[in-house]
Amino acid sequence: MGRRFAELAFTPLVKKQQLQHGSRHLYERVEQSRDLGDKLGPFEQEFIQDRDGFYLASVTETGWPYIQYRGGEKGFLHVLDERTLGFTDLRGNKQYISVGNLQHDDRVALFFMDYPRQSRLKILGRAKVHEGDAEARELIETLRVPQEKTPAERAMLIHVEAFDWNCPQHITPRYTEEELEKILEPMQRRLDALEEENKRLRSKTK
């Protein structure tokens, strides 16, 4: 964890809880760290580009937190530089809750999960919506995934303020169809070989 994440997340009431439960001394050292932790390094960038989805949290005008899942092909969320992420916002159920929230408060939290490896990356940032002008059209063209059939309504850019890696505790491993295929590939090859051998032996007994 870098110093910037602690500055944003550790409010007075959070610090009070840390003190009450005996972890305050650990995080005081983080707050004095030279590592600001506001720029995505090569490892963070690669991790983000390899994800096929993430959770996006925003805040409503009435103060309620709202979380939405955004998914697509791997790489649909682009790392434009060490402090900027971007993606196209596809047409969905037309509730526009996140878009409306961002007009009120541009602060967002992003959660990236790698369930098989039990890793998670948290990002705090500020989001800007680009829609309905030449700049938006240019961004959409730059950020869109070529094989995506759903129309893109707008582009979103996220300015990274801070990030933090969570510990892997209590992350239940889950696997996508693609990940399972890779895991089961040696077994499938063995089954294919056994089937071929079985056919060969059967043919000899005829």
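This is a predicted model: local features need pLDDT of at least 70, side-chain atom pairs count only at pLDDT 80 or more; totals for chains, interfaces and linings use all residues.
Biologist: Where does His-170 sit, and what is its phi?

Modeller: You will find His-170 in the loop between E7 and helix H7 (177–205). Its phi is near 65°, a positive value in a residue other than glycine. Lys-94, also not a glycine, has a positive phi of about 65°. That residue lies in the loop between E4 and helix H5 (97–104) and counts as exposed at 54% relative accessibility. The labels come from DSSP runs numbered from the N terminus: helices (H or I) have at least four residues and strands (E) at least two.

Biologist: How do I read the packing of two helices?

Modeller: Two packed helices are described by the angle between their axes and the distance between the axes. Here, helix H2 (residues 12–20) packs on helix H3 (residues 24–31) at about 135°, with the axes 8 Å apart. That makes H2 oblique to H3: under 35 degrees is roughly parallel, over 145 roughly antiparallel, 65 to 115 roughly perpendicular, and the rest oblique. The axes are lines fitted to C-alpha atoms over the stretch in contact, and angles run from 0 to 180 degrees between N-to-C directions.

Biologist: Which residues make that contact?

Modeller: Lys-15, Gln-18 and Leu-19 come from H2, and Arg-24, Tyr-27 and Glu-31 from H3; contact means heavy atoms within 4.5 Å.

Biologist: And how should I read salt bridges?

Modeller: Side chains of opposite charge can pair when their charged atoms come close. A salt bridge is a side-chain nitrogen of Lys or Arg within 4 Å of a carboxyl oxygen of Asp or Glu. This structure holds 23 of them. One joins Glu-31 to Arg-24, with the closest N and O atoms 2.6 Å apart. Glu-31 counts as partly exposed at 22% relative accessibility, whereas Arg-24 counts as buried at 10%.

Biologist: How far apart along helix H1 are Arg-3 and Glu-7?

Modeller: They are 4 residues apart in helix H1 (residues 3–9), so about one helical turn separates them.

Biologist: What happens around strand E7?

Modeller: E7 is mostly covered, with 11 of its 15 residues buried. Two strands pair if DSSP finds at least two bridges between them. E7 pairs with strand E4 (residues 84–90) in the antiparallel sense over 7 bridges, and Thr-84 has His-159 as its bridge partner in E7. E6 and E7 also run antiparallel, joined by 11 bridges; there, Val-129 has Met-156 of E7 as its bridge partner. A salt bridge also joins Lys-122 to Asp-164, the closest N and O atoms being 3.5 Å apart. That pair links distant parts of the chain, with Lys-122 in strand E6 (residues 119–130) and Asp-164 in strand E7 (residues 152–166), 42 residues apart. Both Lys-122 and Asp-164 are buried.

Conventions. Residues are numbered from 1 along each chain as its sequence is written. Side-chain values use heavy atoms; hydrogens and water are left out. Buried means under 20% relative accessible area, exposed over 50%, partly exposed in between (1.4 Å probe, protein chains only).
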